[in-house]
Amino acid sequence: MSHAASLTTLPPVIVGAGPAGIRAAETLVRAGLRPVLIDEAAKGGGQIYRQQPDGFQRPAKALYGFEASRAEAIHASWRALLDQVDYRPHTLVWNSEGDELDLLQVRDQHYDGQPWQQLILATGATDRILPFSGWTLPGVYTLGAAQIALKYQATAIGSRVVFAGTGPLLYLIAYQYAKAGVEVAAVLDSAPFSAKWQASASMLRNPPVFAKGLWYLGWLKARGIRIEYDAHLLAASGEQRLDGVRWRQQGQEHQLDCEGLGFGYALRSETQLADILDCRFAFDELNRAWLPVRDAMGRSSRDGVYLAGDGAGIMGADAAEWAGELAALAVLQDRGMSVDRARIHQLQQQLQRTRQFREALEGAFPFPEQWAHEVADDVVLCRCENVTVGEVRALIGELSLQDMNRLKAHSRVGMGRCQGRMCGLAATELLAIGSGQSVADAGRLRAQAPVKPLPYAITPTVQQWSPSLSVAEEAEHD
Amino acid sequence: MSLIKRVAEAQRPAVTFHLNGQPCQALAGDTLLTAILSQQSYLRRNEFSGQPRAGFCLMGACQDCWIKDAQGRSLRACSTLVEAGMSVWTDTQPSTVQPQGAAS
Ligand SMILES: Cc1cc2nc3c(=O)[nH]c(=O)nc-3n(C[C@H](O)[C@H](O)[C@H](O)COP(=O)(O)OP(=O)(O)OC[C@H]3O[C@@H](n4cnc5c(N)ncnc54)[C@H](O)[C@@H]3O)c2cc1C
Ligand code: FES
């Protein structure tokens, strides 16, 4: 992955103003460049350090807890960057053709192009979802959504809520809700307690992170909040909105009334742009996903494209900052500029340690592999097009399907508005089992432009604009 | 009845918008999702099942929160802030309001 330093004249372009993108921009500015920084959101900070809208008054400590000082540091860096970079908030990168990115300025709904020679993708992650009966009901949200409701809008997804699934966010969000005065009826962890116990020894290598996790758990227990292990979601009940949740635990069914349910199974990377840019992907066992490959500096397989942060594999916010800085240093190196080798070494070592910790974390919050065996046929798999698990299982069997993209063509799973962000992973699990292959061999959904649906009623200034999926087309079918 | 509950930040100025033709109050800084789901329990209906939906990811990923304004424009409710005078529809608009032309 040697990226030629040939005649780079354009400023580097960064997609994503989360911890990775902000640190990358800062590093480039320090070296005297004026990068282009593009983000769909109104303000910098990304997911973990998402800023509340103007007019909200809660202090950083209330919003980010233990992470308050890191959040404030990232926000300060973002503010300092505002007049040192070409900053494009409210701007979606929806495609790339040749050496130009296609942009949509979301607020003015106007199209633009952005030429690039060096491009850092720092696109972050979304929740990893496994469907269950009733998951489309109003009141059922992802864990991330539950947190965004609180952090970004000072709202709760109900007055009495249950959180379910697995991953570190599960306990963090339960804590944040309880602290905000919301009744947390239960936390349903799909992992057995023994998994946590076994993983704890290796997690001690990263004491601050481990201590935080234990602290949330202890806090919840001290307040008598119900925590169940090895608990697997069966159904969200309700007619027009959620009124309760059922789960299975060691062969027994249990039920609780609730108004809100947040669930998720850790995170998945946003890799669509890397795919559209023809970066090479490889299967990553730890993330149980196909990810764009990057070298120790963050260079992708494609000349001029660099990868940083959770968008190329889930490593968390601190690692995102380091990877962002590292990718920027690679950009500088490839422009023939001098860089601090000691700093590179230090960043790479920190990332290496984080990777080890991530492996332990995966042990504590294992992916529930039995999901694809146990999920009922009548569960809606694709919430965009309302395709069920049973329909997908039948197609896999009848047509002897082996590959995700053939499954997509036949079932429409992954073809809807979300482009498989919500259902793609679950569909892959079903395909692997139905075709007797590994998840790796079942393949991955290829990304398509636009990476998110484009509103119509706007005049594209980009030539040859031909959306393959837009809200407009669906509106015609209403 | 509302789906989501406000837990803080009630000091913000009120904003009046129209929901299905009726005037409603929101707070400055609310997303359309917050503004609507503090009035009623859904945002839209799925095109295939007709079942109510109220968003899912709140971060622009699931696309299950698109609604229409009075001009027929599509808006993603979780990532659009409410503005005074906005008029949005979660149910079918009266036929007197023509959506803007097709994408072609
Ligand atoms: C909802 C949610 C909540 C989380 N909360 C916590 C938490 O409380 N504590 C914790 O330790 N970890 C949390 N995490 C994990 C943490 O967010 C990540 O580890 C960290 O934010 C990764 O930083 P990043 O810079 O890689 O990506 P992000 O912070 O996700 O930033 C990516 C940015 O890229 C932008 N973007 C993506 N694609 C495009 C595009 N096509 N066009 C334009 N812009 C684009 C996005 O708008 C976003 O601002 C959370 C993750 C999620 C998804
Ligand atoms: S709620 Fe998922 S895109 Fe708006």
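How many cavities of 30 Å³ or more does the count come to? The count comes to five. This is a predicted model, in which local features need pLDDT of at least 70 and side-chain atom pairs count only at pLDDT 80 or more, while totals for chains, interfaces and linings use all residues. Residues are numbered from 1 along each chain as its sequence is written, chains are lettered from A and ligands numbered from 1 in the order in which they are written, and side-chain values use heavy atoms, with hydrogens and water left out.

**Cavities**

- A cavity is a set of points, on a 1 Å grid over the protein atoms alone, where a 1.4 Å probe fits but cannot get out; lining residues have an atom within 4 Å of a point.
- Grid points are joined across faces, edges and corners, and a volume is the space filled by probe spheres set on the points.
- The largest cavity has a volume of about 530 Å³, and 30 residues line it, with Arg268(A), Thr271(A), Trp290(A), Arg444(A) and Leu445(A) nearest its centre.
- Among the elements of chain A that give two or more residues to this lining are strand 18 (267-269) and helix 8 (272-276); helices (H or I, at least four residues) and strands (E, at least two) are DSSP runs, numbered from the N terminus.
- Helix 14 of chain A gives the largest share of the lining of the largest cavity, four residues.
- The lining of the largest cavity divides into 11 nonpolar, 10 polar and nine charged residues, where Ala, Val, Leu, Ile, Met, Phe, Trp, Tyr, Cys and Pro count as nonpolar, Asp, Glu, Lys and Arg as charged, and the others, Gly among them, as polar.
- The second largest cavity holds about 50 Å³ of space, and its 10 lining residues include Arg383(A) and Arg44(B), which are among those nearest its centre.
- Six charged, two nonpolar and two polar residues make up the lining of the second largest cavity.

**Aromatic rings**

- Over all chains there are 17 aromatic pairs; rings of Phe, Tyr and Trp (its six-membered ring) pair if their centres lie within 6.5 Å, and planes under 30 degrees apart count as stacked, over 60 as edge-to-face and the rest as tilted.
- The pair of Tyr175(A) and Tyr216(A) is tilted, because the ring centres are 4.9 Å apart and the planes are at 40°.
- Tyr175(A) lies in helix 5 of chain A and Tyr216(A) in helix 7 of chain A, so the pair ties together parts that are 41 residues apart in sequence.
- Both Tyr175(A) and Tyr216(A) are buried, that is, under 20% relative accessible area, whereas exposed means over 50% and partly exposed lies in between (1.4 Å probe, protein chains only).
- The rings of Phe263(A) and Phe56(B), with centres 5.9 Å apart and planes at 50°, form a tilted pair, which crosses between chains.
- Arg383(A) lies over the face of Phe56(B), at 4.2 Å from the ring centre; a charge sits over a ring if NZ of Lys or CZ of Arg is within 6 Å of the ring centre and within 35 degrees of the ring normal.
- Arg383(A) also lies over the face of Trp135(A), at 4.9 Å from the ring centre.

**Strand 2 of chain B**

- Strand 2 runs antiparallel to strand 3 of chain B, and six bridges join them; two strands pair if DSSP finds at least two bridges between them.
- Phe17(B) stands opposite Cys24(B) in strand 3 of chain B, and Leu19(B) has Val88(B) in strand 8 of chain B as its bridge partner.

Technical notes:
On a 1 Å grid over the protein atoms alone, a cavity is a set of points where a 1.4 Å probe fits but cannot get out, and a pocket is an open set with protein on both sides within 12 Å along at least five of seven lines; lining residues have an atom within 4 Å of a point.
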